[in-house]
Amino acid sequence: MDTHAHAQASDARPVLEGPDIARVLTRIAHEIVERAKGADDVVLLGIPTRGVFLAQRLAAKLEQITERRIPCGSLDITMYRDDLRMHPPRTLARTEIPGDGIDGKLVVLVDDVLFSGRTIRAALDALNDIGRPRAVQLAVLVDRGHRELPIRADYVGKNLPTSLRETVKVQLAEEDGRDTVLLGAKADQ
Amino acid sequence: MSKILIRGARVLGGEARDVLIDGETIAEVGTGLSADGAEVVEAHGKVLLPGLVDLHTHLREPGREDSETVLTGTRAAASGGYTNVFAMANTFPVADTAGVVEQVWRLGKESGYCDVQPIGAVTVGLEGSKLAELGAMHESAAGVTVFSDDGKCVHDAVIMRRALEYVKAFGGVIAQHAQEPRLTEGAQMNEGVVSAELGLGGWPAVAEESIIARDVLLAEHVGSRVHICHLSTAGSVEIVRWAKSRGIQVTAEVTPHHLLLTDELVRSYNPVYKVNPPLRTERDVMALREALADGTIDIVATDHAPHPHEDKDCEWAAAAMGMVGLETALSVVQATMVDTGLLDWAGVADRMSVKPAQIGQATGHGRPVSAGEPANLTLVDTEYRGLVDPAGFASRSRNTPYEGRELPGRVTHTWLRGKATLVDGKLT
Amino acid sequence: MQRHLISAADLTRDDAVLILDTAEEMARVADRPIKKLPTLRGRTIVNLFFEDSTRTRISFEAAEKRLSADVINFSAKGSSVSKGESLKDTAQTLEAMGVDAVVIRHSASGAPYRLANSGWIDAAVINAGDGTHQHPTQALLDAFTMRRRLVGRDAGLGQDLAGRRITIVGDVLHSRVARSNVDLLHTLGAEVTLVAPPTLLPVGIETWPCEVAYDLDSTLPKSDAVMMLRVQRERMNAAFFPTEREYSRRYGLDGHRMAKMPEHAIVMHPGPMVRGMEITAEVADSDRCTVVEQVANGVSIRMAVLYLLLGGNEPAVTHARTTEEK
């Protein structure tokens with residue numbers, strides 16, 4: 001979420017390409033069905049911006065597998081961030097909770113990159129103000145390590161060992177025109 | 001008494017001359033005068049004017065000594081080059097009796113920095129309903145000849161007519177604060193484009209112009225003299241011009257701030273720009289300058305209005321109206337009239353000394369700079385350029401709209417009947 | 001950088017659209033079981049009301065509390081102010097108690113501007129209505145209401161009000177709502193027409209970025225929104241108009257007049273309404289009248305403003321025009 005800002009396309013190398021992304025999403029979908037025993041009560045909530053698109057793609061795959069409609073929405077965590085005072089106010093994104101709500105459901109949070117864990121901490125706080133899920137799980141496309149909080153993902157597309165001098169940038173067709181995950185050096189170091 | 005030789009001064013802005021003061025009078029004006037036995041003041045390049053006369057000063061004493069006293073006000077006057085000021089009547093108590101005007105007059109004598117001529121109120125308590133004892137004030141030691149309810153308008157037409165008629169008996173003059181009260185209820189600033197935007201109550205030009213029109217017609221009808229205080233609009237200029245062309249005995253004054261500042265400054269909501277009558281538009285400012293140059297407006301008067309800090313350090317509506325002006329008047333006139341080519345220094349002497357002295361019948365002031373005249377003189381360094389710093393003011397108050405502004409010219413010396421009250425910019 | 005919201009005229013088009021977009025997200029919080037966000041936790045906001053205005057004060061208070069700010073309400077009545085304390089001393093006293101922002105309502109035009117620019121205090125200043133000058137959050141909530149109704153909630157995101165025809169009717173002379181709306185609606189691209197008897201229009205209005213008309217009936221068919229301003233009965237005694245009846249007849253909005261408006265057009269009112277004066281009960285209670293919506297929208301807009309001014313380490317609103325124009 002907060003790590004892909006400064007990567008430059010020129011010196012960054014792709015670590016996942018379009019077909020890889022499609023494949024890992026299919027795998028995660030199967031894992032969710034498996035672990036959630038048919039995914040009856042699953043609600044997918046993507047964290048803006050790119051987590052929302054990943055959630056939508058996952059939902060589509062889950063619907064193919066289960067042949068049922070899978071509720072899918074978005075959860076903006078801006079107002080719950082712990083670093084608000086360190087930056088100018090950020091533009092808010094949309095929180096869209098599917099019609100039946102999240103009470104008693106299995107909520108799967110979806111984000112592109114898992115890094116410090118602070119985004120997920122904020123997301124858990126935000127969820128708390130919206131309802132009481134039966135359980136909350138986390139699906140991420142890339143886990144790059146360097147956790148600062150006791151948080152782990154339940155579904156990981158790719159574990160990507162990185163150094164703190166590197167950046168991970170996820171690009172998705174819906175937002176960026178193509179699917180890829182880039183690993184590069186921080187521009188200002 | 002001692003002799004003073006002012007060497008090489010440009011008298012009224014003309015050729016360099018030496019001026020010898022002996023005691024209280026000017027002994028000789030010429031070139032190459034002997035300095036023998038005289039203290040010499042080198043004045044090369046500086047302009048020598050007759051001591052300035054202000055027909056409109058608020059000295060605040062008695063009653064508001066927290067903002068100014070006769071002593072601090074006359075020190076401010078001397079700093080600004082003035083040798084005679086007329087003290088307005090809106091004190092506490094109001095100067096509407098012989099007793100109060102004599103008190104002010106006596107305090108002026110004691111100060112020694114500047115002659116103080118009290119102005120008497122036209123009506124009791126400035127309330128506009130009952131004539132004050134104008135004759136008694138005239139016959140008092142203060143010898144009042146100018147009467148004004150300034151701060152308030154003598155708005156009742158009958159009272160104004162009677163006052164104009166009554167003072168003819170002893171050659172007095174009524175100085176009118178032209179402000180139609182109903183049209184200016186809740187007024188906070190000039191009514192126009194800026195007031196519409198800022199949401200501040202408007203003070204329309206017509207509230208001034210309608211009173212001036214009425215009063216010049218009254219003055220014509222009863223054959224009396226009327227003086228218009230702090231004229232502020234282009235329309236007022238037209239009315240006075242018309243009245244003068246008809247031979248009506250009307251004189252008018254303009255303040256330095258109305259020659260320079262406009263209502264655009266109110267956008268800051270800084271009450272230092274709050275004054276009555278209010279700052280007007282650029283068009284008015286230009287008309288006032290032109291009228292002062294062509295003589296339609298006779299004089300510059302400061303309307304020096306000191307206020308304590310707390311009365312200006314607040315929201316606009318709660319703030320007092322008025323600005324101090326004695327110590328910046330000549331600089332503003334130089335900037336707006338001399339440096340713009342509208343008036344020469346002889347013209348400045350006329351508008352700031354000769355004419356005000358005539359209107360106020362001040363003896364010994366506004367006289368030519370020539371042998372045998374009283375040595376009331378002001379020496380100006382016209383080349384000086386500097387930023388206005390209120391911390392250096394002699395006035396007890398600091399409510400100047402010019403803080404931090406660059407203005408030209410600086411009074412370096414003032415002599416009151418041969419006695420220096422200001423030397424090298426420092427009060428004696 | 002400017003940290004205050006004093007005048008609607010200070011907002012650029014992008015600032016205004018950002019505030020409206022943010023308010024749209026804030027509005028959704030009202031639909032949640034827990035109508036609260038932790039965003040301004042630990043920040044203290046004082047509502048400094050020198051003039052009675054229960055609805056504006058409550059609206060700000062609701063917004064502040066939904067963002068988890070600590071709220072202090074200060075009303076001049078019965079306080080040190082009624083004992084002669086100056087605005088400066090009151091503000092400095094409150095700031096000494098650690099206030100981060102001051103929401104001020106004052107009867108003197110320019111009081112919030114003075115508070116923000118005189119160096120008296122460091123806190124951010126939000127104008128909640130000053131004299132007959134400005135009421136920027138009212139203009140923002142009005143624009144928000146218009147955008148939702150005329151463009152659409154989601155369709156409106158990122159959009160301004162370009163080409164929308166807004167008519168404002170009534171006592172413009174004494175109205176901070178009218179001034180703020182003219183400024184903001186012009187910035188947002190709307191075409192504004194003011195309708196009032198000439199006595200209730202300020203001298204100098206000719207420079208405002210809007211049209212002025214004296215006749216209501218001819219403007220109604222060309223309006224997408226008609227905003228009725230409150231007319232205080234005491235204006236009648238000051239000869240601004242002859243009688244209440246004549247005012248209602250010429251400038252009041254009744255069902256017959258409302259029928260002249262286009263199908264989609266809405267009726268707005270900043271409240272409190274004087275039924276029977278500028279608006280009839282029939283119009284006030286109709287579906288086209290947005291008065292109640294405006295109140296709800298007011299909370300969302302104020303949350304948005306508070307978030308954008310206080311939510312980060314510096315404000316997100318640029319106020320670029322303050323230096324340009326004035």
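**Close-up views of a three-chain model**

**View 1. Crossing of helices α1 and α5 in chain C.** In this predicted model, the axes of helix α1 (residues 13–29) of chain C and helix α5 (residues 136–151) of chain C come within 10 Å and cross at roughly 70°. An angle of 65 to 115 degrees counts as roughly perpendicular, and α1(C) and α5(C) are therefore roughly perpendicular to each other. The crossing in which α1(C) passes α5(C) is right-handed. By class, the residues of the contact of α1(C) with α5(C) are seven nonpolar, no polar and one charged.

**View 2. The largest nonpolar core and L44(A).** The largest nonpolar core has 295 residues. The members that touch the most other members are L44(A), L58(A), L48(B), F147(B), V102(C), A143(C) and V226(C). Helix α11 (residues 291–310) of chain C gives the most to this core, supplying ten residues. In soluble globular proteins, nonpolar side chains tend to be buried together. With neighbours within four places in sequence left aside, the contacts of L44(A) are A55(A), L58(A), A59(A), I70(A), C72(A), V108(A) and V110(A).

**View 3. The contact between chains B and C.** Two pairs of chains are in contact, and of these, chains B and C share the most contacts. The contact takes 21 residues from chain C and 18 residues from chain B. On the side of chain C that touches chain B, α3 (87–96), α4 (111–117) and α6 (176–187) of chain C each supply at least two residues. α4(C) gives the most to this side, with three residues. The side of chain C that touches chain B divides by class into seven nonpolar, nine polar and five charged residues.

**View 4. The contact between chains A and C.** Here 18 residues of chain C are in contact with 16 residues of chain A. Helices α1 and α11 of chain C each supply at least two residues of the side of chain C that touches chain A. Of the elements of chain C, α1(C) gives the most to this side, with four residues. By class, the side of chain C that touches chain A has eight nonpolar, five polar and five charged residues. Chain A and chain B are joined by no contact, and their closest C-alpha atoms lie 28 Å apart.

**View 5. Surroundings of A175(B).** A175(B) lies in strand β10 (residues 173–176) of chain B. A residue is buried if 20 or more other C-beta atoms lie within 10 Å of its own; A175(B) counts as buried because it has 29 C-beta neighbours inside 10 Å. Beyond its neighbours within four places in sequence, A175(B) is in contact with V146(B), F147(B), S148(B), D150(B), H227(B) and C229(B). The C-alpha atoms of A175(B) and H230(B) are separated by 9.8 Å, and the two residues are 55 residues apart along the chain.

**View 6. Surroundings of Y214(C).** Y214(C) lies in the loop between β7 (211–213) and β8 (225–228) of chain C. With 14 other C-beta atoms within 10 Å, Y214(C) is partly exposed. Not counting residues up to four places away in sequence, Y214(C) touches P197(C) and P198(C). Y214(C) and R105(C) are 109 residues apart along the chain, and their C-alpha atoms are separated by 31 Å.

Conventions:
Residues are numbered from 1 along each chain as its sequence is written. Chains are lettered from A and ligands numbered from 1 in the order in which they are written. This is a predicted model: local features need pLDDT of at least 70, side-chain atom pairs count only at pLDDT 80 or more; totals for chains, interfaces and linings use all residues. Axes are lines fitted to C-alpha atoms, for helices over the stretch in contact, and angles run from 0 to 180 degrees between N-to-C directions. Angles under 35 degrees count as roughly parallel, over 145 as roughly antiparallel, 65 to 115 as roughly perpendicular and the rest as oblique. A crossing is left-handed if the near helix is turned anticlockwise from the far one by less than a right angle, and right-handed if clockwise. Ala, Val, Leu, Ile, Met, Phe, Trp, Tyr, Cys and Pro count as nonpolar, Asp, Glu, Lys and Arg as charged, and the others, Gly among them, as polar. A nonpolar core is a set of buried Ala, Val, Leu, Ile, Met, Phe, Trp, Tyr and Cys residues joined through C-beta atoms within 7 Å. A residue is buried if 20 or more other C-beta atoms lie within 10 Å of its own, exposed if 12 or fewer, and partly exposed in between; C-beta atoms are placed from the backbone. Two residues are in contact if their C-beta atoms, placed from the backbone, lie within 7 Å.
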